[in-house]
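Let's take a friendly walk through this structure, one piece at a time. Have the viewer ready.

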Amino acid sequence: MQRRTLHITQKWTVAIIVIGIAFVGTALAHHGWSEYDANKTMNLTGVIREYGYDNPHGVVRLQAEGEGGKTWLVVLAPPARMDRRGLAREMLKAGTTATVVGYPHRKNGDEMRAERIRIADKIVELR
Amino acid sequence: MQADAAGWLSWLESAALAVWVRESSLLYPAIETAHILGFVVLVGAAMMFDLRLLGFARTLPVTEAARHLLRWSRLSLLLVAPTGFMLFMTQATEMWANPVFQVKLLLIALAGFNALVFHLRSYRRVEAWNQQTATPAGAKLAAVFSLALWTSVITCGRFLAYY
């Protein structure tokens with residue numbers, strides 16, 4: 001039954017594929033939130049200066065309260081999810097006051113990812 | 001040169017099609033789905049052919065495997081390329097500057113070049129090793145390159161969302 005035994009090239013192929021899949025698996029264990037530091041929860045209230053109800057993630061530029069407040073790029077969620085959870089495009093218009101809870105980007109000093117957003121009395125979970 | 005590229009990219013990004021895809025709740029994930037379906041066929045068929053070159057299923061003539069599998073690989077490009085381009089359009093400036101995206105394009109080019117070299121060299125003499133015999137070293141090398149390159153292309157594609 002010569003066909004039962006794996007040829008040497010076949011053995012190597014199987015070994016390489018297994019190693020490859022293991023490597024890819026490890027790589028994919030990272031996810032989108034890992035770019036943000038979850039140990040530093042931020043609570044930011046400000047005025048929306050600009051918004052994008054865009055794929056793959058919606059965003060707002062949120063200027064923190066107070067004189068000369070810093071403007072943050074706040075990454076929200078995909079439009080389909082925001083829409084389904086009741087955060088309509090109209091609610092993000094410039095001039096609207098919003099509060100976001102989220103985490104700062106590890107490298108970009110003015111970027112954060114929001115876990116949830118509150119506009120007027122409505123709180124929407126974004127994750 | 002740099003300014004030209006920037007102008008071209010922002011033009012692409014503001015094109016009606018890009019805006020439509022970017023702002024549509026369902027179109028964007030639908031295009032992603034079509035892109036995935038396309039490369040499942042492209043890469044899946046290519047990898048099955050690579051395994052044949054590496055000595056699996058030796059009773060199957062290489063020419064028959066090529067006729068069936070590689071045709072589907074090529075056809076799937078009609079789905080993969082346009083959907084990939086549409087996804088690229090929505091964030092053209094950001095993508096173009098992203099090193100992961102640059103590496104991905106380079107790897108796709110290398111995979112194409114690898115296939116071309118295989119067809120111009122080893123595959124020309126396929127009748128000599130079509131069935132039940134060992135594949136020549138050149139063809140095995142092409143198969144190993146193909147497996148590694150396509151695996152890396154998919155890894156880069158997935159990494160784009162996390163880098």
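## Strand pairing in chain A

A:Arg61 has A:Leu73 as its bridge partner in β3(A). That pair belongs to this predicted model, where strand β2 (residues 59-64) of chain A and strand β3 (residues 71-75) of chain A run antiparallel and are joined by five bridges. Six residues lie between the strands of this hairpin, and A:Gly66 takes a positive phi near 95 degrees there.

β3(A) also pairs with strand β5 (residues 111-119) of chain A: these two run parallel, with three bridges between them. Here A:Val74 finds its bridge partner in A:Met112 of β5(A).

## A helix in chain B

Now to helix α3 (residues 27-53) of chain B. After α3(B) comes B:Gly55, which has a positive phi near 110 degrees.

What do the buried residues of α3(B) pack against? Their neighbours are α2 (16-23), α4 (62-90) and α7 (137-159) of chain B. Among the buried residues are B:His35, B:Phe39, B:Leu42, B:Ala46, B:Phe49 and B:Leu53. An α-helix has 3.6 residues a turn, so residues three or four places apart point the same way.

## Where the chains touch

Between the two chains, 18 residues of chain A are in contact with 18 residues of chain B. On the chain A side, α1 (8-28) and α2 (79-84) are the elements that give two or more residues. α1(A) gives the most, with seven residues. Sorted by class, this side of chain A has seven nonpolar, nine polar and two charged residues.

Terms used: Residues are numbered from 1 along each chain as its sequence is written. Chains are lettered from A and ligands numbered from 1 in the order in which they are written. This is a predicted model: local features need pLDDT of at least 70, side-chain atom pairs count only at pLDDT 80 or more; totals for chains, interfaces and linings use all residues. A residue is buried if 20 or more other C-beta atoms lie within 10 Å of its own, exposed if 12 or fewer, and partly exposed in between; C-beta atoms are placed from the backbone. Helices (H or I, at least four residues) and strands (E, at least two) are DSSP runs, numbered from the N terminus. Two residues are in contact if their C-beta atoms, placed from the backbone, lie within 7 Å. Ala, Val, Leu, Ile, Met, Phe, Trp, Tyr, Cys and Pro count as nonpolar, Asp, Glu, Lys and Arg as charged, and the others, Gly among them, as polar. Two strands pair if DSSP finds at least two bridges between them.
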